[in-house]
Amino acid sequence: MKNESFKGVLFDLDGTLLDTANDLGAALNHVLAQHELPSIERSTYRPIASDGAQGLLNLGFGEKLSQFDFQALRQMFLGYYEANIARETCLYPEVKEMLQSLNEQSIPWGIVTNKPEYLTTMLLPNFSEFDHCKVMVGGDSLAERKPHPLPLQHAAKQLAVAPEDCLYVGDALRDIQAGNAANMTTVVAQWGYIKSQDNTKDWQADFINQSPIEILSII
């Protein structure tokens, strides 16, 4: 563990603060339907939601993916997702209370996601809880994305908090790798899109939390 008191908190978005799986899955199934391929069940696409368009298209098309123009599929996916971006997306339980507590304690917080910046900018205003977000870094905001530490380092700088005084919370291995490389204290969001074969104990995170409210006990 790098620190015992924290002056800032950074979060991944999909699978950590927001449950976006149903809207992402709907975008995947739209693309599949356009190509007369079978749809994917929610229980199958949900664990892949953190992997974005590429991961979901790989899931849906499988070995047939190489037969298509991937960029065209991706644009179709993103276009549908953009038009339906917050239809079923919701905050995870306890996220509202957790963020409210950070606000009351005057602990600045922000979001570092691999989701494209334009989509993140469209999504966040649908939830008033994000009005107090101090920084947002998208997957294409900088020259590097997670698991590279640069987005986290940049976000900490925007918060005016040293990385070693910052907590980073995410539900994917790349989140923990990025946080550790940035010298932050890392937390696995076990409530997120964890695949059945993932053993999060092997990710070398400082904490593994079962619910968002547990983050407050760390701080």
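**Sheet, helix and rings: how do we know?**

Biologist: In this predicted model, which residue of S5 is the bridge partner of Ile111?

Modeller: That's Met136.

Biologist: And what makes S4 and S5 a pair?

Modeller: Pairing takes at least two bridges between the strands. Strand S4 (residues 109–112) is joined to S5 by 2 bridges, so the two count as paired. They run parallel.

Biologist: What order do the strands of the sheet follow?

Modeller: S5-S4-S1-S6-S7-S8, an open sheet of 6 strands with parallel pairing.

Biologist: Why are strand S5 (136–137) and strand S8 (207–209) called edge strands?

Modeller: Each of them pairs on one side only.

Biologist: What lies across the sheet strands?

Modeller: Helix H5 (residues 95–104) lies across strand S1 (8–11) and S4, at about 150° to S1. Helix H8 (residues 173–181) lies across strand S6 (166–170) and strand S7 (185–189), at about 170° to S7. Those angles are taken between N-to-C directions.

Biologist: Now the rings. Why is the pair of Phe11 and Trp109 given the geometry label it has?

Modeller: Set the values against the cut-offs. The ring centres are 6.3 Å apart, and pairing needs them within 6.5 Å, so this is a pair. The planes stand at 75°, and over 60 degrees counts as edge-to-face, so that's the label.

Biologist: Where do the two residues sit in the chain?

Modeller: Phe11 is in strand S1 and Trp109 is in strand S4, 98 residues apart, which links distant parts of the chain. Both are buried, that is, under 20% relative accessible area.

Biologist: Which other residues share an aromatic cluster with Phe11 and Trp109?

Modeller: Phe127 and Phe130. Over the whole structure the search finds 5 aromatic pairs.

Biologist: What makes you call H1 mostly covered?

Modeller: The count: 10 of its 14 residues are buried. Among them are Leu24, Leu28, Val31 and Leu32, along with Asn22 and Asp23.

Biologist: What do those buried residues pack against?

Modeller: Strand S2 (18–19), helix H2 (42–45), helix H3 (52–61) and helix H4 (70–83). Contact here means heavy atoms within 4.5 Å.

Biologist: Which residue with a positive phi follows H1?

Modeller: Glu36, whose phi is near 55°.

Technical notes
Residues numbered from 1 in each chain as written. Predicted model: local features only at pLDDT ≥ 70, side-chain atom pairs only at ≥ 80, totals over all residues. Heavy atoms only, no water. Buried < 20%, exposed > 50% of the residue type's maximum accessible area, 1.4 Å probe, protein only. Helix = DSSP H or I, 4+ residues; strand = E, 2+ residues; numbered from the N terminus. Axes fitted to C-alpha atoms, helices over the stretch in contact; angles between N-to-C directions. Phe/Tyr/Trp six-rings, centres within 6.5 Å; stacked < 30°, edge-to-face > 60°.
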